[in-house]
Amino acid sequence: MTATDASATPAGRGGAEPTLSVGHMDVVYKVRGRDRLALRDVSFEVGRRESYGLVGESGSGKSTVALALTRYLPRNGRVSAGTVSINGADPLAMSGTDLRHLRARTVSMVYQEPGKALNPSIRVGRQVAEVYEVAGLHRAEAAERAEAMLRKVQIADPGRVMGRYAHQLSGGMAQRVVIAMALAAEPALLILDEPTTALDATVEAEVLDLVSALRAEFDTSVLFISHNLAVIAKMCDRVGVLYAGELVEEGPAREVFEDPRHPYTVGLLRCIPRRGQRKDHGRLDTIPGFLPPAGHTLSGCVFAPRCLLAEDRCREAPPPSYQIAAARTSRCYRHDVAPSLPRATPEDKPLPGPPASAETLVQLAGLSKTFGARGSRGSRGEQVHALTGVDLELERGETLGLVGESGSGKTTLAWVLLGLLPPDPGATVELAGQPLAADVRRRPRSQLRALQIVFQNPDSALNRRHTVRRLISRPLARLAGLSGERLRARLAELITSVRLEDRHLAMRPNQLSGGLKQRVAIARAFGSGPAVVVCDEPTSALDVSVQAAILNLLADLQADEQVSYLFISHDLGVVRYLSDRIAVLYLGKVMEVGPAERVFSGPHHPYTEALLSAVPSLDGQRADRIKLSGEIPSATNLPTGCVFHTRCPRRLPSGICESEEPPLREVEPGHRMSCHIPLDELQNLQRAGQPT
Amino acid sequence: MTDIVVAPAAGVAVARPDQTGELTPWRLLLRRPTFLAGAVILLFWLACAIFGSLIAPHNPLAQQLLLTNQAPSGAHWFGTDQLGRDVLSRVIVGARSILLIAFAATVLSTVLGTALGLVMGYLGGVVDIVAGRLVEAALALPVVIVAFLFIVAVGPSPLTIIVVIGLVFTLLIARTVRSTVLVESQLDYLAAARLLGEKSVSIMFSEVLPNVVPAILVEFTVRLGYAIFTVATLSFLGFGVQPPTPDWGADIAHNYVTLGAGYWWMTLFPALAIASLVIAINLFTDSIEQVLAS
Amino acid sequence: MTRYLLKRLGLAVVTLWLLSVIVFFAGQVVPGDPGRAILGNLADPRAVRALDHQLGVDRPLLTQYWSWITGLLHGNMGESYQYRSAVEPYVQAALVNSVKLAALAFVIVVPLGILGGVLAALRYGRATDRVISVVGLSAATVPEFVSGIVVIIIFAVSLKWLPVSASAGTGASALTQLDHLILPAIPLVFILFGYIARMARAGTIEALDSDYTRTATLKGLKPSVVIRRHVLRNALLPTITVIATQTGYLIGGLVVVETLFNYQGIGNLIYKAAQAKDFPMLEAGVLTIGVVYMVATLIADALSTALNPRLRLGTGG
């Protein structure tokens with residue numbers, strides 16, 4: 001807290017008065033002539049130097065909170081009731097000038113896509129300097145201060161970055177600049193709205209560390225908004241859980257996540273695969289039903305329609321906010337029994353582990369993919385090495401998890417396998433010992449049947465003009481060769497197995513929720529009776545409560561149909577839950593491949609180690625944290641030697657990592673790794689938890 | 001939109017508009033005054049085009065050589081022209097030729113343009129490059145001048161105009177359809193269709209086409225407006241419907257030399273007719289576009 | 001960036017060549033022959049053949065095209081059938097006249113259109129926006145000769161403020177010339193206003209909705225600074241391209257306006273050449289228009305590349 005800020009608080013009470021206080025706030029949006037309630041009776045406080053987390057799934061209204069506080073609601077939105085006080089001042093009642101001063105001095109905000117938050121046609125240095133100019137500094141002095149601020153957010157060469165434009169910065173770098181801009185005015189309150197959602201795990205870890213460090217240095221209160229519970233757990237002192245526009249539970253972050261006292265929080269936490277949970281341990285729990293439609297008019301508790309503890313009173317009148325401990329509240333009549341919420345999905349059905357008899361179904365060898373001179377404006381025709389010399393095999397009935405950051409080649413690998421992209425000449429791509437044509441149009445029907453995919457985004461993957469019936473029937477007719485009564489019978493069987501209902505058949509995708517759409521996509525993939533299904537981030541576009549149901553479904557289908565999965569995800573918890581084996585990709589090369597438990601428990605490749613330590617966990621921080629520094633190198637100009645050496649914290653001093661590429665060799669049965677460091681040495685290093 | 005976050009898609013059952021008391025697109029359209037005004041004027045001219053001779057108070061071709069150049073009066077609301085013909089009747093009946101030619105040209109170009117655009121956008125490659133160059137070259141010239149070249153070569157007739165406008169607009173529509181198809185090509189449902197072994201032609205027509213139909217509909221109405229613009233202009237330049245058939249553009253061309261003598265009614269009323277028709281179509285189109293976008 | 005512009009220039013040359021082929025062969029498809037067209041239906045067939053031979057139109061098409069295109073490259077655009085003399089002086093004089101008219105229209109409409117569009121965007125969804133949008137839309141869709149007739153009736157016939165004819169006569173002062181050009185410029189201004197205002201409005205709305213505008217606003221910058229520094233710069237880039245591509249349209253409009261106001265510009269030249277079947281004149285005029293259009297789009301491309309850092313610097317550079 002700076003001197004100016006302290007004197008600005010009316011009573012000068014220092015820590016006594018909260019930085020932010022929201023009381024009984026309602027926000028409505030006028031949509032097509034009607035008011036829709038987006039937030040109802042939301043109250044919370046963020047104390048001095050406190051970090052407060054708001055967590056909720058999409059549609060919970062968490063971003064609306066941020067917009068309302070900064071008075072930046074869209075034209076059709078307004079705060080219809082309640083009070084807001086930031087540092088003792090009410091932004092809702094302010095004149096334009098006062099509001100501008102509040103934004104300039106007291107509140108700052110960082111949001112999801114850093115690339116878009118920066119003006120594309122103004123140099124970033126100037127944009128940071130603007131903050132100081134608003135505060136009354138001259139241009140030259142402002143530029144100087146801006147450069148100093150960029151250094152504070154750990155930008156190595158701030159002078160050079162000052163002169164760049166937004167499109168010349170990587171996502172992580174851009175987010176640092178945005179954070180620098182937000183903290184430049186030394187605000188009393190910093191609002192972070194999904195600040196790392198668009199970033200890769202290792203970059204996310206760096207940015208979160210940066211925020212923690214700067215928060216301490218600048219003495220700023222933080223309102224951290226995220227859908228990611230683990231990020232909130234890592235970053236926040238207290239947390240509020242939003243559901244359908246209402247704050248249903250609040251308390252110290254650790255306590256809420258360890259001992260949730262609202263059925264929604266309880267259910268949400270059970271949906272997340274964690275503590276090394278795997279499919280053979282049983283199913284994930286789910287939350288039944290759907291979020292009430294926007295603008296709903298429920299008479300009782302908003303969660304009652306989905307709550308397995310709901311009683312008559314829950315549906316009659318909204319529950320008050322119960323004080324259940326010193327600093328904890330829960331908006332639930334049955335908060336005392338909330339932890340004993342019955343499971344919505346039985347855990348029973350034991351799901352199979354890796355198959356006993358290994359039969360190689362897919363064989364990839366020497367697979368490379370180079371994207372040629374895509375002469376974009378002004379750039380020279382460079383070659384992008386998306387995949388280089390990949391050797392992998394997929395066995396019948398197993399799940400091979402494919403992990404790596406964006407740009408690692410995961411999706412390219414899948415598309416080559418499916419015949420949607422031709423590999424570079426010389427690659428071996430085989431299915432059950434038969435070579436696969438490079439182009440899907442040249443593959444016989446039997447091979448088309450055998451290989452199918454579930455895409456990340458069902459909105460993109462399902463033709464929005466076709467009905468569900470048509471979408472699912474198509475593979476049955478074209479690939480399985482069914483017609484008439486047999487087709488109808490198989491269709492009925494399929495929709496039952498993906499837990500869709502008959503009434504969904506006549507609908508089009510836009511009439512379905514995200515989870516239901518993904519079920520349609522899964523049904524389509526299984527329609528032809530495939531041997532291999534590629535799952536390309538199948539749950540990344542979904543909320544966690546929906547994700548759990550989809551993961552259960554995929555596990556069940558695998559058990560029933562003996563299908564193999566090539567499962568691509570950036571979410572290591574999800575990959576661990578479903579995979580029998582894991583392959584780790586970095587810059588188009590396989591760093592490590594082996595049995596899931598071996599890869600996760602280690603000793604593992606330094607890159608795998610870095611990925612694992614980058615992921616915040618709900619159960620408190622990991623001790624063996626190693627940090628990656630630097631940017632992911634460009635795939636047009638791969639590093640010499642080991643491609644990971646530029647960022648590797650365990651790089652050998654001998655220089656061999658820079659000069660010589662380590663082969664992918666078997667370090668123990670079924671576990672291959674591409675690293676110069678011997679396995680036992682890695683084990684010692686990783687046990688000690690100390691980077692060299 | 002209750003939540004601006006782009007991150008995870010909602011697990012929300014979509015609310016049906018009738019349940020929440022929201023307005024359907026059709027009712028939204030009916031609430032727009034610009035749409036209503038456009039639709040009423042358009043319907044009026046359509047009625048004139050179809051029943052013109054029944055509505056017109058006089059025979060539009062009948063010359064009254066004793067009653068030439070009469071200013072508007074009770075007997076002739078819009079006055080008479082240099083040959084003593086009733087201007088009002090000629091305006092009413094004149095709706096037919098312009099609407100017919102413009103509509104035919106627009107239908108022709110929409111059909112051809114959609115096919116060409118689909119092929120360019122979906123197949124890409126050489127077809128796209130060659131056709132793209134041709135489109136560029138043709139667009140370097142104003143439609144009116146392309147029409148000149150053709151009409152001078154083939155001779156003026158309604159059919160020539162339909163073909164010329166139809167072909168030029170084909171290129172324009174192809175360009176729009178192509179860019180819409182390119183957006184669609186980024187979507188995974190096309191990859192999914194390829195994985196089901198669908199053939200290119202089938203993907204183009206049964207997967208892509210239904211998704212570009214809304215864009216084509218908008219494009220159709222936009223082009224119809226421009227077609228009327230162009231048909232009127234060509235008529236005015238003497239390349240359209242030949243006298244004595246009533247035609248707004250030709251009548252203006254024929255009579256505007258008399259403006260110096262102060263005979264404003266012979267040109268003003270057909271001019272207002274053209275203006276009202278094109279404005280009506282554009283108000284109509286604009287409303288549809290806005291409602292589709294919202 | 002230079003590379004990109006060179007590529008654009010190459011493409012423009014290819015397009016021009018295609019255009020020359022289209023123009024030349026469209027001209028040659030004419031039924032009958034130029035000699036007959038010039039001498040009339042009653043002329044002696046031998047005279048027609050002699051004239052055809054003299055004009056060189058009895059040679060094979062490819063030979064004719066070759067001699068035409070090589071002539072063009074040497075600055076020789078051919079000889080007019082109507083006037084029996086080289087076409088260049090006619091084309092040149094007409095071009096100068098047209099440029100005067102077009103320049104006047106642009107000078108009026110560019111600031112007006114941008115102002116209208118930005119104003120509409122800033123008052124998005126309110127009465128000002130509605131009025132500007134509907135007026136702009138209507139103005140852009142009414143054919144030039146229609147709005148031309150209306151302004152003539154109002155300003156020349158009934159108010160008698162301005163002359164009907166666009167030509168001021170030889171040796172007229174600049175001010176008199178301007179007086180004569182104002183009425184013909186109005187129909188062009190109407191149409192261009194619609195396009196430019198629409199584009200400027202859309203660009204501004206998009207920029208106002210952007211995250212970077214939110215960043216600038218939440219920094220506590222004054223609204224005027226946000227708009228001037230952060231919004232307009234990004235909003236008006238696409239508008240530049242639109243303005244340039246409208247030159248193509250503008251020339252089409254010139255044909256009509258110059259005919260209506262009897263002004264000796266390139267549009268009128270083409271119109272008269274078309275009526276007289278004077279192919280060398282027609283081809284020269286049309287090709288000139290093509291060149292003007294290409295140059296305008298190239299300038300626009302260069303300008304928007306220079307103003308847009310993403311294009312100027314490429315990614316990652």
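**Figure 1. Chain C, overall.** Of the contacts in chain C with a separation of 6 or more, 70% join residues 24 or more positions apart; contact means heavy atoms within 4.5 Å. The model is predicted: local features need pLDDT of at least 70, side-chain atom pairs count only at pLDDT 80 or more, and totals for chains, interfaces and linings use all residues. Residues are numbered from 1 along each chain as its sequence is written, chains are lettered from A and ligands numbered from 1 in the order in which they are written, and side-chain values use heavy atoms, with hydrogens and water left out. Chain C has 13 helices and zero strands. Helices (H or I, at least four residues) and strands (E, at least two) are DSSP runs, numbered from the N terminus. Read from the N terminus, the element order of chain C is α-α-α-α-α-α-α-α-α-α-α-α-α. Along the principal axes, its C-alpha atoms fill a box of roughly 85 × 60 × 35 Å.

Figure 2. Chain C has 317 residues, and 51% of them are buried. Buried means under 20% relative accessible area, exposed over 50%, and partly exposed in between (1.4 Å probe, protein chains only). The accessible surface of chain C is about 14200 Å². Carbon and sulfur atoms hold 67% of that surface. Areas come from the Shrake-Rupley method with a 1.4 Å probe; for residues, only the protein chains shown count as cover. Chain C carries 25 positive and 16 negative charges, and their mean positions lie 14 Å apart. Lys and Arg count as positive, Asp and Glu as negative; His and the chain ends are not counted. Each charge is placed at NZ of Lys, CZ of Arg, CG of Asp or CD of Glu.

**Figure 3. Ser20(C) and its partners.** Ser20(C) sits in helix 1 (residues 2–28) of chain C. Its relative accessibility is 3%, so Ser20(C) counts as buried. Leaving out residues up to four places away in sequence, Ser20(C) touches Tyr65(C), Trp68(C), Ile69(C) and Leu287(C).

**Figure 4. Tyr122(B) in helix 4.** Tyr122(B) belongs to helix 4 (residues 87–123) of chain B. Tyr122(B) is buried, at 18% relative accessible area. Val201(B) is 79 residues away along the chain, yet the two C-alpha atoms are separated by 9.6 Å. Beyond four places in sequence, the residues that Tyr122(B) touches include Val181(B), Leu190(B), Arg194(B) and Met204(B).

Figure 5. The largest nonpolar core has 173 residues. Leu20(A), Phe44(A) and Leu223(A) have the most contacts inside this core. Helix 8 (residues 171–184) of chain A supplies its largest share, ten residues. A second, separate core has 123 residues, among them Ile98(B), Phe145(C), Ile243(C) and Leu282(C). A nonpolar core is a set of buried Ala, Val, Leu, Ile, Met, Phe, Trp, Tyr and Cys residues joined through side-chain atoms within 4.5 Å.

**Figure 6. Phe44(A) and Glu250(A).** Beyond four places in sequence, Phe44(A) touches residues including Leu20(A), Tyr52(A), Leu223(A) and Glu250(A). Glu250(A) lies in strand 9 of chain A. Glu250(A) is buried, with a relative accessible area of 12%. A polar contact of 2.5 Å links its side chain to that of Tyr52(A). Other residues touched by Glu250(A) include Arg238(A), Val256(A) and Arg328(A).

Figure 7. In helix 12 (residues 263–271) of chain A, eight of nine residues are buried. Among them are Tyr264(A), Val266(A), Leu268(A) and Cys271(A). The buried residues of helix 12 pack against elements including helix 10 (229–235), strand 8 (238–243) and helix 20 of chain A. Helix 14 (residues 410–418) of chain A is largely enclosed by the rest of the structure, because seven of its nine residues are buried. Lys410(A) is one of these buried residues. Just after helix 14, Gly419(A) has a positive phi of about 85 degrees.

Figure 8. Asp219(A) is not a glycine, yet its phi is positive, about 60 degrees. Asp219(A) lies in the loop between helix 9 (201–218) and strand 7 (221–226) of chain A. Asp219(A) is partly exposed, at 21% relative accessible area. Glu537(A) has a positive phi near 50 degrees. Its loop runs between strand 18 (532–536) and helix 20 (544–561) of chain A. Glu537(A) is buried, at 8%.

Conventions. Polar contact = N/O pair within 3.5 Å; in protein donor to acceptor, adjacent residues only side chain to side chain.
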